[in-house]
Amino acid sequence: MIEGTYTYREIHEQPEVLAGLLERELPTVRALAGAIRQRQISHVVVAARGTSDNVGRYAQYLLGAVNGLLVALATPSLFTIYRRPPRLGNALVLGISQSGKSPDIVGVVAEARRQGALTAAITNVPDSDLALQSDFVINLGAGEERAVAATKTYTAQLAAIALLSSSLSDDATMLTALQGVPQAVAATLSAHNDMAQVVQRYRYMRECVVIGRGYNYATAFEVALKLKELTYTIVEPYSSADFLHGPLAMVEGGFPVIVVAPTCLPLTELRDFTRALLDRGAEVLTISDDTEMLALAHTPLRLPHPLPEWLSPLTAVLPGQLFALHLSQTRHHDPDHPRGLHKVTETL
């Protein structure tokens, strides 16, 4: 039974995990925000891999748009293999890692500390090597994540970034909106009890692309990663803009495209993009709360609880998690133990 898998349980633990994080970690995040203001931090460097790297993409949009911070993703091999670390200057160097163990991520933050930069960690293991190198530690408190594919720690990491942004802004309306996320997550999970039937149409899908724009560019990457990990499908993520610059040529009749398009500033462009896909015969799946977007799709995956665009990645990823889980089960794979993967991956 799929309900007995760790992956299923951890997906459905997300409302509780998020509620706990938002209550417990607010003082730490406010202290970090105070240090950022005091040191007049000009930019953020995010060190992460895999799922956590996708959280960094979310941070690029949120901390950039709301807080005016330039956010860059680190190149860890410059620190660990080439041993030619760049000058970090007046940066916040933020390590994001579920386990806090990977030497390359720890190496970036350790070098940042050596250079005198402000350091912080977002991790599920508060006494990890990464945490020990950090001035501030945001503890996800998600409990042990036993499935190899990260689900509850991904949304908890997103929430940590959102909490930091709202604390930096000192905006009570942002914090109030963020506190409503656990309820929205619960509603979204409940809305997709039929996913086992939905995925039957895609049982033999061997390749697809996932499209996102703006804040949900990160969601496109994360949904693609979950499909790769759990179903062994060849999946590539793109922004809709990048997809038009060449990859559109591979779309032909029946080619599956997942479009992540909750209510957002790029929504009109995403509608036009979806119509262009349909004109080329694509098989479109849409994750959205927008009636018109859902009506365009062959397979609409509805978001029942609309959120402000800056928070929408916290719910938009959920249909993708469930789709990957159920497609894995339909193909008789073990979703808890994808082939060739381990829970903790240590890279240089």
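Predicted model: local features only at pLDDT ≥ 70, side-chain atom pairs only at ≥ 80, totals over all residues.
- Zooming in on one pair, β3 (residues 91–97) and β4 (residues 118–123) are joined in the parallel sense over 6 bridges.
- If you want a spot to look at in that pair, find Val 93, whose bridge partner in β4 is Thr 119.

**The nonpolar cores**

- A bit of background: in soluble globular proteins, nonpolar side chains tend to be buried together.
- The largest nonpolar core here has 84 residues, and the ones touching the most other members are Leu 32, Tyr 58, Ile 161, Leu 227, Trp 310, Leu 311 and Phe 323.
- Helix α8 (residues 152–169) is the top contributor to this core, giving 10 residues.
- There's also a second, separate core of 18 residues, with Val 259, Leu 277, Ala 282 and Val 284 among them.
- Back to Leu 227: leaving aside neighbours within four places in sequence, its contacts are Cys 208, Tyr 232, Thr 233, Val 235, Ile 258, Phe 323, Ala 324 and Leu 327.

**A pair of helices**

- The axes of α2 (residues 14–24) and α10 (residues 181–190) come within 8 Å and cross at roughly 175°.
- That angle makes α2 roughly antiparallel to α10, since anything over 145 degrees counts that way.
- On the α2 side, the contact is made by Gln 14, Pro 15, Leu 18, Ala 19 and Leu 22.
- On the α10 side, Val 181, Pro 182, Val 185, Ala 186 and Leu 189 do the touching.

- Cys 208 is in no disulfide, and its nearest cysteine sulfur, that of Cys 264, is 20 Å away; a disulfide would need the sulfur atoms within 2.5 Å.
- Cys 264 is likewise in no disulfide, with the sulfur of Cys 208 being the nearest cysteine sulfur to it.
- Cys 208 counts as buried, with a relative accessible area of 3%.
- Cys 264 is buried too, at a relative accessible area of 13%, because the cut-off for buried is under 20%.

- Leu 301 lies in strand β10 (residues 299–302) and is buried, with a relative accessible area of 4%.
- Not counting residues up to four places away in sequence, Leu 301 touches His 192, Met 195, Val 198, Thr 286, Ile 287, Ser 288, Leu 294 and Pro 319.
- Leu 301 and Val 259 are 42 residues apart along the chain, and their C-alpha atoms are separated by 9.9 Å.
- His 326 belongs to helix α16 (residues 313–330) and is buried, with a relative accessible area of 11%.
- Apart from neighbours within four places in sequence, His 326 is in contact with Ile 2, Met 195, Ala 196 and Val 199.
- Met 195 turns up in both lists: it touches Leu 301 and is in contact with His 326.

Definitions and conventions: Residues numbered from 1 in each chain as written. Heavy atoms only, no water. Helix = DSSP H or I, 4+ residues; strand = E, 2+ residues; numbered from the N terminus. Buried < 20%, exposed > 50% of the residue type's maximum accessible area, 1.4 Å probe, protein only. Contact = heavy atoms within 4.5 Å. Pairing = 2+ DSSP bridges. Core = buried A, V, L, I, M, F, W, Y, C linked by side-chain atoms within 4.5 Å. Axes fitted to C-alpha atoms, helices over the stretch in contact; angles between N-to-C directions. Parallel < 35°, antiparallel > 145°, perpendicular 65-115°, else oblique.
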